[in-house]
Amino acid sequence: MVTDSVDRRTISVDTNVIGLIVGLGPTGSEYRRLLEGCDAAITYFVQAEIRASDWPVNEQVKLDAFLRTARYLPPLGPEGIEEFARLKRTSVALGLRYGTEREDLWMLAQSRSLGLIVATNDRNAARVAQATGMRVATALRDIERDYARDRQRLERLRRV
């Protein structure tokens, strides 16, 4: 179940969601439904990940079609450095020091600096984004339970 319903908005789409959308499988259809009526934004970092990946031929055709309709974001400006630092500190506070990839944090930083909703199928990226007040659209199961634990953990840290 997608945990965030949205109206016509621009949504920053993580590489893992793009992979699910252009691949086969039931989760991809959830993300396709989520993005209906929305504009997909591709951060500078997701653009690089897409280019670095070897897409199967049958997915490349769908990927190309998806990317033709997407909005490409320019390189992140200086405002993103502060966002990255905030996201990294939050990742560490959540105990995800080694669980959130730098690429995910940069994608989140650019999305956050532009005030975009982020669509991700990465549990740790979703947790960090949500913990910093970002709107997250995801089809991850039981993510609300993780969000609740994260809120408790951060609240305990604030009291110390």
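A salt bridge is a side-chain nitrogen of Lys or Arg within 4 Å of a carboxyl oxygen of Asp or Glu. By this rule, the count comes to nine salt bridges. The model shown is predicted, so local features need pLDDT of at least 70 and side-chain atom pairs count only at pLDDT 80 or more, while totals for chains, interfaces and linings use all residues. Residues are numbered from 1 along each chain as its sequence is written, and side-chain values use heavy atoms, with hydrogens and water left out.

**View 1. Arg112 and Glu83 form a salt bridge.** Here the closest N and O atoms are 2.6 Å apart. Look for Arg112 in helix α6 (residues 102–113) and Glu83 in helix α5 (residues 79–93): the pair links distant parts of the chain, 29 residues apart. Helices (H or I, at least four residues) and strands (E, at least two) are DSSP runs, numbered from the N terminus.

View 2. Buried means under 20% relative accessible area, exposed over 50%, and partly exposed in between (1.4 Å probe, protein chains only).

**View 3. Asp146 meets Arg123 in a salt bridge.** The N to O distance is 2.6 Å. Asp146 lies in helix α8 (residues 143–159) and Arg123 in helix α7 (residues 123–131), so the pair ties together parts that are 23 residues apart in sequence. Asp146 is buried at 8% relative accessibility, whereas Arg123 is partly exposed at 30%.

**View 4. Asp146 also meets Arg149 in a salt bridge.** This time the N to O distance is 2.3 Å. Arg149 and Asp146 are three residues apart in helix α8, so about one helical turn separates them. Arg149 is partly exposed, with a relative accessible area of 45%.
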